[in-house]
Amino acid sequence: MALLQRPFIVLLLIVTHQFLQYWVAFGLVNEEGQKQEEFNEELLLKPLPDRKVLAHFHFHSSAPPSTSNGRHHHLFPKAISQLVQKFRVKEMELSFTQGCWNYESWGGFDPIPSSNAKPPGVELWAVFDVPQHQIDASWKNLTHTLSGLFCASINFLEFTTTYSAPEWSFPPASGNLRYGTLPREAVCTENLTPWLKLLPCRDKAGLAMLLDRPSIYRGFYHSQRLHLTSTGSGSEGMDSGIILEQTLTVVLRPNSQRASMAHASEKHIQPSWSVSSIFGKQVSGRCFLAKSSNVFLLLDRGLVAELKHLHKENEKSAANGLTSKIFWTNPSFELSANPDRVFIEENSMHSKSSSVLYKFQVEKYSESEPFDLGLIWKVPVVWLCQQAPLHAGRFLMGSGNERGAIAISLKSTQLSEGFMGVNADDERCELRVDVFQVVPWYVKVYFHSLQVFVDQQPKAVSDTIEKIHVSPSKDKVSPGVMEVVLKLPCLVKSAALTIEFDKGFLHIDEYPPDANQGFDIPSAIISFPNFHASMVFLEDDSLNKSPLLSKFQEKSPVMSYTEVLLVPLTTPDFSMPYNVITITCTVFALYFGSLLNVLRRRVAEEERFLKDKAAKKTGWLPLLLSKLSAKLRGRRWEPPHSPPASSSFINSKLVFKVILVAGLAVGWQYYFS
């Protein structure tokens, strides 16, 4: 009987040990009575007007303050924790972007474009909690660490010519801020794989399973972002807490063959799609270590207003159809899965309609019943996404390789008037626009040539610019920085800023391998401090459980990035070094080849070879007659000798080569002396 109880006791101890491990991992056991680490995964899907779909992955990890030095992390990535503690990073954001965000078609006023629409290449900014004289050293060490962590060329941002220190125009305005970009950095799977390794389940379980590489990188826009914030502990002897946000924003075109066949001839029919048709996979369940795993489907304000307009013949259906439980089977579209909850955005002064958000809990699904949300359109729908007050663009003026000008264009989207309401007609109504521009040192900007045009009319700088901060560039030391606050009329139709520059000259070692392609000027940042991109939904009790919806409620200023400019500089003729190298190698080959040929040649063997060759050329009949004549005379037969002229010819040729090589050597030494 005792023998039978022993295996049972051992099995019970093993099960109890595993249960306690999972218990501690989820924060249910805490000896110190502190809050434990948490991880949440969420996915937001949003149809776009130009027959595309926006997929926004949001992974939220948090590590509360702890008294243990070098603590063990159950969920939070240890590499990020060590990075924050070593370099004393207060706040940091790193983004890898491929493609440009289309503000006109995909919108510019929602929280997603304001926070996740990034410039092409790599963008990095960080705020340090160190003394002023240690910031540059901390920035240099941080760039090298991130370069090795994400397999990218972020270490090029260590040079003072590649980063700047904004004063107040960049949103996290702080004296300890450093900002840098690499517009030409290529984004590939080598950057995505380390990013996924920071997740507790990586891409083996949960929503991260949908991140199929071919599906992600064939999209029109792809941006992976990492944002961390270090929260103070509030007491001595405790490490600061860290909040890590990992977002991946992708714009994809669904398979149009899944569109409804009944409306295949319609021009504006939206393509029907599903999760499996976009990513090639289904969600078989949540990440086991995630506290919550949700999928949201967002219908923005413009789409909801258009759907209401389509059903205006039935006012009751139009008013209550969006909030009813059978809205996913309405005549406009159909959802393949029933949502668990429906959220309605609180109507604000910025729009006449409200967004609708559908929530799907992934934890209810499994491998036997995977989650595959599908959206089937039944009628053609045309709508517009909400735009920022002004659409920003940038271009170059001038021609030639000597001088030019940079122009920043701002065009009204007919939105500022509605935002300002009744005060728009007031002459004192002003629209504030912040402009942040970084220019490399080899583009020598003349800041005194700044001109402002409002509605195609030149205006005095003092009348339109409320505040300006300029940091001139220094050759091979630091870039030029311009921060401007514009005050424009609320009913402005267009505005433009122009500034002239000269093109500098670079040393031959400073040119990149593809110098003829041109040199990049990083994107300018246009922000509107008076407008905030936020979406406030009802059902406040559930918002505390969703980091994504809580992020939407934060009032962040509306921001947009301009295009990256390509400036052609005066480029030297790189074929000249090639010609010098080839002629030098040719001279060396002739010199050493001839010298070695003379030193290693054996004259006696050459003479013997010539005799044998001459004997072979002699005919058989003269040879036979010579042998017969020698025998009749009783003499010994000797083969015929080569004529002496050949020997003298060889000697003269050898002397000529020696003289030629000696002359080349003397000329070479004289030329280089």
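Which residue forms a salt bridge with R225? Select E93: its closest N and O atoms with R225 are 3.2 Å apart. A salt bridge here is a side-chain nitrogen of Lys or Arg within 4 Å of a carboxyl oxygen of Asp or Glu.

Before moving on, note that this is a predicted model, in which local features need pLDDT of at least 70 and side-chain atom pairs count only at pLDDT 80 or more, while totals for chains, interfaces and linings use all residues. Residues are numbered from 1 along each chain as its sequence is written, and side-chain values use heavy atoms, with hydrogens and water left out.

**Stop 1: around E93**

Stay on E93 and R225. The pair links distant parts of the chain: E93 sits in strand β3 and R225 in strand β7 (residues 221–231), 132 residues apart. Helices (H or I, at least four residues) and strands (E, at least two) are DSSP runs, numbered from the N terminus. Both E93 and R225 are buried. Buried means under 20% relative accessible area, exposed over 50%, and partly exposed in between (1.4 Å probe, protein chains only).

K118 and E93 are both buried.

**Stop 2: D514 and R184**

Select D514 and R184. They form a salt bridge, the closest N and O atoms being 3.2 Å apart. D514 is in the loop between β22 and β23 (519–521), R184 in the loop between β6 (177–182) and α6, and the two are 330 residues apart. D514 is partly exposed at 31% relative accessible area. R184 is partly exposed as well, at 35%.

**Stop 3: the disulfides**

Show the cysteines. There are 2 disulfides, each a pair of cysteine sulfur atoms within 2.5 Å. Counted along the chain, the bonded cysteines pair as 1-2, 3-4.

Select C201 and C287. Their S to S distance is 1.8 Å. The link is right-handed, with 70 degrees about the S-S bond. C201 lies in the loop between α6 (189–196) and α7 (213–217), and C287 in the loop between α8 (275–279) and β10 (292–299), so the pair ties together parts 86 residues apart in sequence. C201 is buried at 15% relative accessible area, and C287 is buried at 0%.

Next, select C429 and C490. This disulfide has an S to S distance of 1.8 Å. The link is left-handed, with -80 degrees about the S-S bond. C429 is buried, at 11% relative accessible area. C490 is also buried, at 2%.

**Stop 4: a nonpolar patch**

Finish on F656, L660 and L664. These residues form a nonpolar patch on the surface, with about 310 Å² of accessible area together. Patches are made of residues with over 30% relative accessible area and no salt bridge; like charges are joined within 9 Å, nonpolar side chains (Val, Leu, Ile, Met, Phe, Trp, Tyr) within 5 Å. Accessible areas come from the Shrake-Rupley method with a 1.4 Å probe; for residues, only the protein chains shown count as cover. Zoom to L664, which is found in helix α18 (residues 644–672). L664 is partly exposed, at 44% relative accessibility.
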